[in-house]
2 protein chains.
Amino acid sequence: MTNTPTDVAPRWLDEEERRAWLGLMGVMRRLEHALDTQLRDEGLTHFEYGVMAALSESPQRELRMSALAAYAEGSLSRLSQVVARLERKGYAHRRPDPADGRYTLATLTDEGYEKIVSAAPGHVAEVRRLVFDPLTKAQVKQLSHIGRRILHAIDPDHSDGDRG
Amino acid sequence: MTNTPTDVAPRWLDEEERRAWLGLMGVMRRLEHALDTQLRDEGLTHFEYGVMAALSESPQRELRMSALAAYAEGSLSRLSQVVARLERKGYAHRRPDPADGRYTLATLTDEGYEKIVSAAPGHVAEVRRLVFDPLTKAQVKQLSHIGRRILHAIDPDHSDGDRG
DNA sequence: CCTCTTCACTTGAAGCTTGAAGTCATTGCG
DNA sequence: CGCAATGACTTCAAGCTTCAAGTGAAGAGG
């Protein structure tokens with residue numbers, strides 16, 4: 001069925017790799033969508049949830065925008081837009097860092113904290129249902145390793161304590 | 001059918017699950033971005049590439065829109081917009097199915113075929129570099145299994161060809 | 001001081017995606 | 001045949017993301 005013709009093929013994907021690739025792509029596309037759908041009732045996107053969750057776990061529920069962008073795996077530009085949205089919703093607040101005016105500190109408001117606390121159980125339950133329940137403990141461990149290796153290939157200096 | 005938004009706190013994620021989750025999220029966000037970046041030189045998005053690749057491997061390089069949407073893991077609405085874009089670029093063509101006017105057949109033009117053939121080697125090389133080179137053969141196999149299980153949890157009737 | 005450069009962040013415009021509503025062909029039923 | 005129902009796609013308006021350009025704070029050099 002396959003054997004797509006090309007003139008200058010590097011190493012093509014073999015059957016097993018193809019299966020893995022389809023699986024990975026499917027998960028990437030469908031999981032994100034499923035999580036967004038679950039959070040839709042809460043009026044949050046999955047990315048917004050991630051941002052608020054990161055803030056909620058930080059000291060003073062506060063982080064510099066650049067640090068927050070790294071946690072949330074998004075560009076600074078995207079984060080800026082999203083935090084502006086969260087501010088409009090009353091969930092977050094921004095202020096210049098008193099220690100250095102070039103930095104901006106994003107803070108989770110009390111309302112934002114309540115929001116994330118009430119949304120978290122449902123969200124975690126969905127994550128568990130879709131990702132962890134179907135996997136064995138060994139597979140979860142494998143997934144950690146696999147994820148770390150791919151991330152390292154994408155960005156070698158992504159703060160890793162990588163060991164073999 | 002609404003998900004219970006709050007209620008009881010379910011089982012939280014343990015350390016290993018947390019690591020796996022961060023890995024998976026990181027891969028989802030960064031890999032898609034990396035692939036889009038690689039294909040940017042070709043003037044294609046990763047999703048467009050997937051659509052064209054699916055067509056190129058089909059008989060007559062032609063598929064019904066709904067079938068194509070399933071292959072590409074996207075909504076029919078999204079696909080419709082994307083194929084319109086590909087049509088504007090001269091890479092694809094649409095026509096009503098002569099056998100039943102409710103269906104639409106999307107076809108890859110010769111120009112589109114040339115495009116995908118010239119873009120494929122670079123793209124596959126990048127996929128290999130980011131995903132398969134860093135993994136052992138055993139991990140690739142694990143990834144197939146893990147992906148299949150998660151996909152099954154997201155959508156139980158998604159063509160289940162599980163053989164081991 | 002004043003200006004130049006760097007750095008962290010924000011804004012603007014364009015493009016992509018989404019869910020809802022709309023279109024159009026075929027089928028079912030009287 | 002007429003007319004509603006179904007199904008497959010398309011379009012629309014709104015929202016989100018992106019890259020590039022812009023803003024403003026801190027420090028360096030004169």
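1. In this predicted model, a polar side-chain atom of Ser80(A) sits 3.0 Å from a phosphate oxygen of DNA strand C. Gln81(A) places a side-chain N or O atom 3.0 Å from a base oxygen of DNA strand C. From the other chain, an N or O atom in the side chain of Arg102(B) is 3.5 Å from a sugar or linking oxygen of DNA strand C.

2. DNA strand C is surrounded by 21 residues (a residue is near a strand if one of its heavy atoms lies within 4 Å of it). The closest are Arg40(A), Ser66(A), Arg94(A), Ser77(B) and Arg78(B). Of the atoms of DNA strand C that come within 4 Å of the protein, 73% belong to sugar and phosphate.

3. Which element gives the most residues to the surface near DNA strand C? H4(B) does, with five. At least two residues each come from helix H1 (15–40), helix H3 (65–72) and helix H4 (76–89) of chain A, and from helix H4 (76–89) of chain B (helices are DSSP runs, H or I, of at least four residues, numbered from the N terminus).

4. Chain A superposes on chain B by a rotation of 180 degrees, with 0.0 Å of shift along the axis and an RMSD of 0.1 Å (least squares on C-alpha atoms of residues with pLDDT of at least 70 in both). That is the relation of a two-fold axis. Met28(A) is the residue of chain A closest to the rotation axis, at 2.7 Å (C-alpha).

5. On conventions: residues are numbered from 1 along each chain as its sequence is written, and chains are lettered from A in the order in which they are written. Local features need pLDDT of at least 70, side-chain atom pairs count only at pLDDT 80 or more, totals for chains, interfaces and linings use all residues, and side-chain values use heavy atoms, without hydrogens and water.

Key:
Polar contact = N/O pair within 3.5 Å; in protein donor to acceptor, adjacent residues only side chain to side chain.
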